Amino acid sequence: MFDEIAEFDPEGGPWGRGYLRARAHVPADSWFYSGHFKNDPCMPGTLMADAATQALSFAMAAYGFTIEHDGWRFEPVPDEMSRFVCRGQVIPNADHTLDYEVFIEEIIDGPTPTVYAALLCRSDGFKVFHARRFGIRLVPDWPMPPGATRHARPRRSARGWPTRCRG
């Protein structure tokens with residue numbers, strides 16, 4: 001959902017725990033405009049939320065959390081509410097540049113690496129989306145049998161679907 005990482009500072013942000021800015025170039029003829037709000041096209045807030053959470057996942061990877069967690073996936077922290085607020089619209093009147101900013105608030109290392117951050121999206125410099133203290137974590141994705149190596153890959157069925165991992 002974004003095109004590039006424009007800035008990453010692992011000691012940046014207001015709490016000194018990290019800052020990341022991802023950038024997306026949104027042309028005026030983007031596919032999503034015609035499917036959202038009849039007679040009032042705009043970029044869906046859910047797409048901005050998805051891009052912001054992808055940027056947070058990228059920040060976790062940049063910190064190195066994925067190195068020892070091969071085959072794991074990112075997921076929102078369960079049972080914790082996060083409020084996503086749309087503050088403005090991205091409309092098809094011109095091409096836009098969206099900046100997704102991640103302000104790291106808390107980093108929890110351990111068996112389930114977790115990061116909490118404030119997320120902000122700016123369209124051409126104007127704030128259009130915000131989420132305060134969104135949490136994301138890494139969890140195992142493939143069922144790993146006891147004794148399997150961390151580099152085990154899933155076996156594929158005749159159709160190419162994963163069946164189970166072998167060590």
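# Chatting through a predicted model

Student: Okay, which strand is R21 in?
Tutor: R21 has its place in strand β2. Helices (H or I, at least four residues) and strands (E, at least two) are DSSP runs, numbered from the N terminus.

Student: Which way do β2 and β5 run?
Tutor: β2 and β5 run antiparallel, joined by 8 bridges. Two strands pair if DSSP finds at least two bridges between them. V26 stands opposite H96 in β5.

Student: How many bridges join β5 to β6?
Tutor: There are 10, and β5 and β6 run antiparallel. E101 stands opposite L120 in β6. The hairpin of β5 and β6 has 5 residues between the strands, and G110 there takes a positive phi near 140°.

Student: Switching topic: which residues touch the most other members of the largest nonpolar core?
Tutor: M43, L56 and Y100 do, out of 32 residues in that core. β2 (19-26), α1 (45-62), β5 (96-108), β6 (114-123) and β7 (126-140) are the elements giving it two or more residues. The largest share, 9 residues, comes from α1. A nonpolar core is a set of buried Ala, Val, Leu, Ile, Met, Phe, Trp, Tyr and Cys residues joined through side-chain atoms within 4.5 Å.

Student: What does L56 touch?
Tutor: Not counting residues up to four places away in sequence, L56 touches V102, I104, V115, A117, L119, F134 and I136.

Student: How many residues does α1 have?
Tutor: α1 has 18 residues and reaches 26 Å from its first C-alpha to its last, close to the 26 Å expected at 1.5 Å a residue. That expected span is 1.5 Å times one less than the number of residues. Buried residues in α1 include G45, L47, M48, A52, L56 and M60. Their cover includes β2, β3 (72-76), β4 (84-86), β5, β6 and β7. Just after α1, G64 has a positive phi of about 100°.

Student: Which loop holds N39?
Tutor: N39 is in the loop between β2 and α1. Its phi is near 65°, positive in a residue other than glycine. Most residues other than glycine have a negative phi. N39 counts as exposed because its relative accessibility is 75%.

Student: And where does D79 lie?
Tutor: D79 lies in the loop between β3 and β4, with a positive phi of about 65° although it is not a glycine. D79 counts as exposed too, at 84% relative accessibility.

Student: Last one: how many disulfides?
Tutor: The count is 0, where a disulfide is a pair of cysteine sulfur atoms within 2.5 Å. For C42, the nearest cysteine sulfur, that of C86, is 8.1 Å away. C42 is buried at 3%, whereas C86 counts as partly exposed at 47% relative accessibility.

How values were computed. Residues are numbered from 1 along each chain as its sequence is written. This is a predicted model: local features need pLDDT of at least 70, side-chain atom pairs count only at pLDDT 80 or more; totals for chains, interfaces and linings use all residues. Side-chain values use heavy atoms; hydrogens and water are left out. Buried means under 20% relative accessible area, exposed over 50%, partly exposed in between (1.4 Å probe, protein chains only). Contact means heavy atoms within 4.5 Å.
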